[in-house]
Amino acid sequence: MKQFFLFGDLETGGLNGRLDNGQLGMEYYPIFELAFIVTDSELNEVGEALHIVVHQDEDVIARSHEWALDVHTKSGLLDAVRASSVSLVQAEQMVIEHLKALGIPKYDRKTKTGVVFAGNSIMFDRSYIMCQMPELHEYMHYRQLDISAIAMAARAWAPDVERNAVEAKQYQHEALADIRESIAELNSYRAQLFWFETSGL
């Protein structure tokens with residue numbers, strides 16, 4: 001059984017809940033940045049990391065929540081968004097082609113092969129993918145591996161395990177660095193809860 005994980009992180013123009021205008025944030029707010037790292041089932045990184053800044057027009061950027069505009073202006077992300085020449089449609093295809101180039105086909109439920117989306121608190125990221133990148137959504141398993149769910153279970157029933165898993169995290173808020181921290185956190189849970197010997201990532 002050949003299974004892979006696609007660890008991802010998205011930066012967007014706001015949260016994914018219901019807005020005052022009646023629309024859902026995951027449908028209304030723009031996607032600005034995508035970062036992905038593929039691993040095998042042993043959590044070894046496969047291929048190169050993928051980082052894409054998506055171009056958005058000024059009127060689309062302006063739809064963003066005030067908080068997002070402030071944060072992404074200060075970080076320089078919005079300048080990168082304006083300078084990018086990659087559309088969201090192109091970005092979606094780039095992710096799918098990246099998976100295909102690594103020999104990872106669309107998820108097959110019968111053979112249980114393909115890619116599973118993974119990360120911390122990824123319902124948010126998956127909701128944006130589902131609404132704005134439906135082909136990528138369909139390419140992955142309909143379920144996902146949410147590290148934060150494992151963390152909540154560990155906090156309830158094995159608090160020392162959770163403490164050990166998160167104590168080294170630096171919370172850099174930089175997409176690829178955050179993804180690698182998430183992979184390391186999952187590797188810690190894997191070693192402590194599932195009794196596998198693992199090498200450092």
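The points below go from the sheet to its helices and then to a few single residues.

1. **Ground rules.** This is a predicted model, in which local features need pLDDT of at least 70, side-chain atom pairs count only at pLDDT 80 or more, and totals for chains, interfaces and linings use all residues. Residues are numbered from 1 along each chain as its sequence is written, and side-chain values use heavy atoms, with hydrogens and water left out.

2. In what order do the five strands of the open sheet lie? The order is 3-2-1-4-5, with mixed pairing. Strands here are DSSP runs (E, at least two residues), as are helices (H or I, at least four), and both are numbered from the N terminus; two strands pair if DSSP finds at least two bridges between them. Strand 3 and strand 5 each have a single partner strand and stand at the edges, so one side of each has no neighbour in the sheet. On average, neighbouring strands are turned by 20° against each other, direction ignored.

3. **Helices on the sheet.** Helix 5 (residues 88-101) packs on the sheet and touches strand 1, strand 2, strand 3 and strand 4. Its direction makes about 175° with that of strand 3. Helix 6 (residues 123-132) also packs on the sheet, touching strand 1, strand 2, strand 4 and strand 5, and its direction makes about 85° with that of strand 1. For these contacts, heavy atoms lie within 4.5 Å; axes are lines fitted to C-alpha atoms, for helices over the stretch in contact, and angles run from 0 to 180 degrees between N-to-C directions.

4. **Strand 1 and its two partners.** Strand 1 (residues 3-12) has eight of its ten residues buried, where buried means under 20% relative accessible area, exposed over 50%, and partly exposed in between (1.4 Å probe, protein chains only). Five bridges link strand 1 to strand 4 (residues 114-119) in parallel, and Phe7 stands opposite Ala118 there. With strand 2 (residues 31-40) there are nine bridges, and the two strands run antiparallel. Along that pairing, Glu11 stands opposite Glu33 and Thr12 opposite Ile31.

5. How many of the ten residues of strand 2 are buried? Ten of ten are. Six bridges join strand 2 to strand 3 (residues 45-53), again antiparallel, with Phe36 opposite Leu50. Four residues separate these two strands in a hairpin, and Leu43 in the turn has a positive phi of about 70°.

6. **Thr39.** Thr39 lies in strand 2 and has a relative accessible area of 1%, so Thr39 is buried. Apart from neighbours within four places in sequence, Thr39 is in contact with Phe4, Phe5, Phe7, Asn44, Glu45, Val46 and Ile183.

7. **Asp146.** Beyond four places in sequence, Asp146 is in contact with Gly119, Asn120, Ser121, Ile122 and Met123.

8. **His141.** His141 sits in the loop between helix 7 (134-139) and strand 5 (144-146). His141 counts as buried because its relative accessibility is 12%. A polar atom of the His141 side chain lies 2.8 Å from the backbone nitrogen of Arg143. Not counting residues up to four places away in sequence, His141 touches Tyr107, Val115, Val116 and Arg126.

9. **Helix 8 and helix 9.** The axes of helix 8 (residues 147-157) and helix 9 (residues 159-166) come within 5 Å and cross at roughly 135°. The two helices are therefore oblique to each other; angles under 35 degrees count as roughly parallel, over 145 as roughly antiparallel, 65 to 115 as roughly perpendicular and the rest as oblique. Ala151, Ala154, Arg155 and Trp157 of helix 8 meet Pro159, Val161 and Glu162 of helix 9.

Note on methods:
Polar contact = N/O pair within 3.5 Å; in protein donor to acceptor, adjacent residues only side chain to side chain.
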